[in-house]
Amino acid sequence: MLPQQGDHNSLFINEIPKWGEPYPNILNRQSVLECLTDYILQANHWGYRPDRRKVLAVRQSDRTAALRNAAAPIRQEIYYFIEGELFPEEGTTRLKEGQTPAELAANLLDGLYEQLYIWVAYDFTKGSPPGFRKPFDKPPVVKGSANPNPEALTRNRQLPEGVNPRFFIPDPLPENPVTIVSQPDVATAEIVNFVTELVKGDFRNALPEGDNPPIWDEPLVAVASAHDPLFARFQDPEVVGPCHRLPEEWLPGARSVISVFLPFTEHISRNYSREQRYSAVEFSSGKWNGSKFLNVVRRALIRFAERNGAQAVAPNIDPRYDSDGWLPFWSERHAALAAGLGTFGLHQNFISEKGAFGRLCSVITTLNLQPTERRYSEVYGYCLYAFDGSCRACIDRCPTGAITDAGKLPGRCETHGNKEHLKDWNYGSCGHCSTWIPCWKQIPAKIRKTLDVKG
Ligand code: B12
């Protein structure tokens with residue numbers, strides 16, 4: 001017999017069930033309940049004093065939950081601040097007359113339990129077998145650009161010598177359609193400030209090793225209009241493909257897309273020497289553990305939108321997210337390009353004003369925001385190779401030969417160091433193509449100069 005919905009202790013429940021099957025028992029409900037009960041008891045003891053430092057720490061290994069103070073991060077756990085994050089509304093954890101902590105905890109958990117499980121942590125690249133993800137309510141809308149105007153493609157300049165035409169895509173369609181939003185719901189500066197403070201102040205932005213130095217430096221934040229025709233263009237087969245969903249499909253009424261680039265800190269780049277054959281442990285740890293922090297940023301932005309009376313969805317942690325092989329239903333790099341954060345490079349990494357050495361996340365929201373102006377008109381606008389053929393640094397640096405001037409074989413680079421190197425640490429990956437090259441921490445100087453001239 002199939003287990004019933006809500007039968008969380010059943011041994012038969014798969015950790016990744018098909019959509020509509022009983023909810024995965026990845027967290028032990030009883031353990032989460034006990035934790036919350038404990039917290040509510042503490043906060044209400046001697047009058048009501050909610051503790052903003054208290055965190056619900058959900059351990060992935062033994063699936064139990066624990067209460068912790070914000071100070072000491074532990075690897076491989078997922079944290080939620082109880083006050084402000086799990087319960088954004090002040091006073092939610094206050095006991096009512098005659099109510100016991102266990103009763104209140106049970107009530108609160110009813111609305112919360114399913115959200116605690118991060119269905120798709122990040123980079124879910126395998127593609128789920130049919131039925132394993134939540135389906136979209138409506139059939140896919142595939143607009144595509146239908147009009148890649150060949151004249152526009154070569155209007156500005158000629159193909160530089162020595163550059164493969166594949167990497168010469170001036171004037172990504174359409175041209176930047178930024179119009180002034182006279183009264184945005186929230187000023188972009190406020191969003192930048194919100195994300196910056198989060199990155200600077202949140203204890204989860206920390207390497208679990210050593211003295212827990214921060215993983216991410218101050219972020220770049222930018223906004224695209226959800227109606228930017230580039231999102232339809234991403235559905236063209238040569239860009240991402242028809243599997244890439246439009247903002248409106250993720251969130252009816254979507255008006256804006258907020259994209260965030262998080263650069264790695266100096267601590268991480270300092271420890272990644274030019275000579276080493278494999279990536280540094282600081283980098284690998286930063287990549288794995290820092291990816292969880294991307295989810296913190298995504299969730300925080302969702303709450304930010306909600307506090308401002310709007311809705312938001314982060315496609316990469318949405319239960320409907322999936323990919324068609326390596327083609328995602330939502331690409332963080334393409335969204336960032338639309339938002340004006342930067343362009344692609346020959347290495348296929350995204351190059352922002354702070355370089356390529358970082359990661360990306362985004363949310364789609366119903367907030368009406370001022371789109372950021374794109375300072376480039378080429379898909380590879382910040383890549384020195386595509387600019388004038390003068391740079392081959394990522395080609396020379398890739399230890400697997402995955403990058404050539406015919407492009408990149410993504411699967412090949414994946415093999416370098418992932419399996420054997422850093423095995424004892426339980427993580428490993430290669431970051432050579434985003435380190436020690438002219439675009440690792442900035443837009444290459446030659447291109448920067450032309451931008452400065454344009455103003
Ligand atoms: C699948 C995937 C992988 C796969 C395959 C990568 C690939 N290139 O497809 C594997 C497992 C190999 C991989 C590896 C890594 N990944 Co990865 N990966 C993803 C994922 C899930 C989707 C990537 C994707 O969009 N593929 C779709 C194809 C179509 O993209 P593409 O071929 O590059 O797109 C080209 C075309 O669109 C073309 N094009 C042609 N015509 C036109 C016209 C227009 C108008 C436009 C816009 C484009 C265009 O230009 C693009 C660039 O060449 C994203 C997360 C996400 N959901 O976005 C992370 C992501 C791309 N990965 C990331 C990282 C960091 C890595 C690694 C460096 C990890 C590491 N070791 O640290 C490695 C190496 C990446 C590399 N240099 O290739 C980051 C990139 C950050 C950055 N600064 O760029 C992302 C965004 C994750 C994140 N949240 O930050 N990854």
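This is a predicted model: local features need pLDDT of at least 70, side-chain atom pairs count only at pLDDT 80 or more; totals for chains, interfaces and linings use all residues.
Residues are numbered from 1 along each chain as its sequence is written, and side-chain values use heavy atoms, with hydrogens and water left out.

**Overall look**

I looked up the secondary structure and found 13 helices and 13 strands in the protein. These are DSSP runs, numbered from the N terminus: helices are H or I with at least four residues, strands are E with at least two. Of the 455 residues, 53% are buried, where buried means under 20% relative accessible area, exposed over 50% and partly exposed in between (1.4 Å probe, protein chains only). The accessible surface comes to about 21,400 Å², and carbon and sulfur atoms hold 53% of it. That area comes from the Shrake-Rupley method with a 1.4 Å probe; for residues, only the protein chains shown count as cover.

**Helix α1**

I checked the length of α1 (residues 29–44) next. Its 16 residues should span 22 Å at 1.5 Å a residue, and the end C-alpha atoms are 22 Å apart, so the two agree. The expected span is 1.5 Å times one less than the number of residues. At the start of α1, a side-chain oxygen of N28 comes to within 3.0 Å of the backbone nitrogen of Q30. Just after the helix, W46 has a positive phi of about 55°.

Which elements do the buried residues of α1 pack against? They pack against β1 (54–59), β2 (65–69) and α2 (101–116). The buried set includes S31, V32, L36 and Y39. I picked out T37, also in α1, which is buried with a relative accessible area of 18%. Leaving aside residues up to four places away in sequence, T37 touches P101, A102 and A105.

**Ligand shell**

How many residues surround the ligand? I found 41, the closest being V239, Q348, F350, K408 and C430; a residue counts as near if one of its heavy atoms lies within 4 Å. The shell splits into 23 nonpolar, 9 polar and 9 charged residues. Here Ala, Val, Leu, Ile, Met, Phe, Trp, Tyr, Cys and Pro count as nonpolar, Asp, Glu, Lys and Arg as charged, and the others, Gly among them, as polar. Helix α9 (332–338) is among the elements that supply at least two shell residues each, and α9 gives the most, with 4.

I then listed atom distances. A backbone N or O atom of C430 is 2.6 Å from a ligand nitrogen. The side chain of Y321 has an N or O atom 2.9 Å from a nitrogen of the ligand. For S331, a polar side-chain atom lies 3.4 Å from a ligand oxygen.

**Q370**

My last stop was Q370, in the loop between β11 (358–365) and α10 (384–388). Is Q370 buried or exposed? Q370 is buried, with a relative accessible area of 18%. Its C-alpha atom is separated by 7.5 Å from that of A187, 183 residues apart along the chain. A polar side-chain atom of Q370 lies 2.7 Å from the backbone nitrogen of V181.

Conventions:
Contact means heavy atoms within 4.5 Å. A polar contact is a pair of N or O atoms within 3.5 Å; within protein, one must be able to donate a hydrogen and the other to accept it, and residues adjacent in sequence count only if both atoms are side-chain atoms.
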